[in-house]
Amino acid sequence: METKINLPFLRWAGGKRWLARRIAPILKGFLAKENTYREPFLGSGAMFFALAPQRAVLSDLNRELIETYTWVRSRPGELISQLKEWPVDRETYSRLRSLYKMKGIKKAARFLYLNRTCYGGLFRTNMQGIFNTPYGGGSRTPEPLWRDHLIERAAFCLRSGVELKYCDFQININEATEGDIVYCDPTYSGVKRGRFDRYGDVIFSWTDQERLANLSYLAFRKGVTVLVSNGPFPELRGLYRAAYRLKLKKAKSIGKAAINKSVHEEYLFVLDPFGRKHIWNNIAPITNKRIFLAPRKIEPCDNRSTLSRETLQTNLKHMRNKV
Ligand SMILES: C[S@@+](CC[C@H](N)C(=O)[O-])C[C@H]1O[C@@H](n2cnc3c(N)ncnc32)[C@H](O)[C@@H]1O
């Protein structure tokens with residue numbers, strides 16, 4: 001029998017409900033009470049809600065998203081009352097979408113309404129940073145937020161030991177200390193050297209991928225367990241040679257016919273300072289034959305959002321060298 005887990009209150013492109021079901025029970029066993037769970041690419045926070053840790057630092061570079069989480073934590077009842085006042089139809093959707101200058105709790109309620117009723121749960125903005133996803137239609141409604149107690153449960157999970165931050169991933173990862181667990185789920189649809197990936201008004205480049213790998217090693221060397229979900233792109237393997245590389249498969253239904261199924265693949269790179277290889281191997285076979293040890297010396301990163309090209313190159317050279 002599958003154990004019931006807390007579900008996120010948002011629909012989010014690239015959301016990890018499917019992975020959370022498999023990984024969260026393991027992380028639960030690894031995370032000691034005094035340590036902190038960190039999720040620097042929060043989105044809908046599927047892993048966080050499934051884990052529901054006592055101490056966590058959750059962050060994202062989407063300001064409206066983080067502000068919505070803070071309202072969900074502090075005023076869940078008022079949010080629901082506001083949502084119930086808005087009928088679900090194309091006209092109300094278009095009107096709310098155009099009211100992008102709303103402030104405070106109304107702004108958060110608008111975010112939730114649009115998220116639950118937009119096409120595909122896709123947070124997409126134009127060049128001015130204004131949300132522009134079309135209306136989803138069909139049976140989409142914000143109702144599950146109160147009917148299935150999603151907001152109420154989220155408010156409970158976001159209890160006092162949970163910190164919410166609007167910031168670049170580097171800040172959250174750099175703050176990790178021994179025993180912490182960091183789960184990273186960056187955007188990845190266009191991982192190619194020199195190519196950019198748009199996600200809302202955030203651009204995630206190849207340099208960001210390098211920066212993420214670099215910071216993951218630094219945290220690992222402090223005794224932090226780091227997990228990085230990523231697309232199944234061969235270019236990424238070179239960045240995580242000291243990590244266990246798991247190839248995970250998720251059945252993706254197209255339409256309703258069971259025969260019409262495609263498989264979605266992702267890499268999960270695991271940097272585990274405690275070397276719990278057998279546990280990870282149980283999730284999915286570790287696909288790299290040789291695991292290279294992490295370098296002894298890596299230049300420390302500060303909290304700037306980008307590192308100089310030279311620093312990155314030096315750090316990556318260290319990482320690629322077998323110790
Ligand atoms: C694939 S989504 C995460 C999905 C999440 N795991 C879930 O279950 O819904 C990636 C998230 O990373 C955020 N992001 C992109 N670039 C970032 C950066 N440089 N620093 C922090 N967050 C970033 C995006 O705003 C987006 O919410």
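Strand S7 (residues 225-230) is largely enclosed by the rest of the structure, because six of its six residues are buried. A residue is called buried if 20 or more other C-beta atoms lie within 10 Å of its own, exposed if 12 or fewer do, and partly exposed in between, with C-beta atoms placed from the backbone. The model is a predicted one, in which local features need pLDDT of at least 70 and side-chain atom pairs count only at pLDDT 80 or more, while totals for chains, interfaces and linings use all residues. Residues are numbered from 1 along each chain as its sequence is written.

Of the 323 residues in the protein chain, 36% are buried. Contacts, here, are pairs of residues whose C-beta atoms, placed from the backbone, lie within 7 Å. Among contacts in the protein chain with a separation of 6 or more, 70% join residues 24 or more positions apart.

S7 pairs with strand S4 (residues 181-184) in the parallel sense, over four bridges; strands count as paired if DSSP finds at least two bridges between them. Within this pairing, Tyr183 stands opposite Leu227 of S7, and Val182 has Val226 of S7 as its bridge partner.

Strand S4 is likewise covered on both faces: Ile181 and Tyr183 are buried on one side, Val182 and Cys184 on the other. S4 also pairs in the parallel sense with strand S1 (residues 37-39), over two bridges. Here Arg38 stands opposite Val182 of S4.

Turning to the helices, H3 (residues 63-74) and H6 (residues 104-117) pack at an angle of about 110°, their axes lying 9 Å apart. The axes are lines fitted to C-alpha atoms, for helices over the stretch in contact, and angles run from 0 to 180 degrees between N-to-C directions. H3 and H6 are therefore roughly perpendicular to each other, a term that covers angles of 65 to 115 degrees, whereas angles under 35 count as roughly parallel, over 145 as roughly antiparallel, and the rest as oblique. Glu64, Glu67, Thr68 and Trp71 of H3 meet Ile105, Ala108, Phe111 and Leu112 of H6 in this contact. By class, the contact of H3 with H6 comprises five nonpolar, one polar and two charged residues. In this grouping Ala, Val, Leu, Ile, Met, Phe, Trp, Tyr, Cys and Pro are nonpolar, Asp, Glu, Lys and Arg are charged, and the others, Gly among them, are polar.

Phe111 of helix H6 is buried, with 24 C-beta neighbours inside 10 Å. Leaving aside neighbours within four places in sequence, Phe111 is in contact with Glu64 and Thr68. Phe111 and Leu65 are 46 residues apart in sequence, yet their C-alpha atoms are 7.9 Å apart in space.

Pro142 sits in the loop between H6 and helix H7 (144-147). Pro142 is also buried, with 23 other C-beta atoms within 10 Å. Not counting residues up to four places away in sequence, Pro142 touches Leu83, Leu112, Tyr113, Arg116 and Thr117.

Most residues other than glycine have a negative phi. Ala52, in the loop between helix H2 (46-51) and strand S2 (56-60), has a positive phi of about 45°. His149, in the loop between H7 and helix H8 (150-157), has a positive phi of about 60°. Ala52 is partly exposed, with 19 other C-beta atoms within 10 Å, and His149 counts as partly exposed with 16 C-beta neighbours inside 10 Å.

Definitions and conventions. Two residues are in contact if their C-beta atoms, placed from the backbone, lie within 7 Å.
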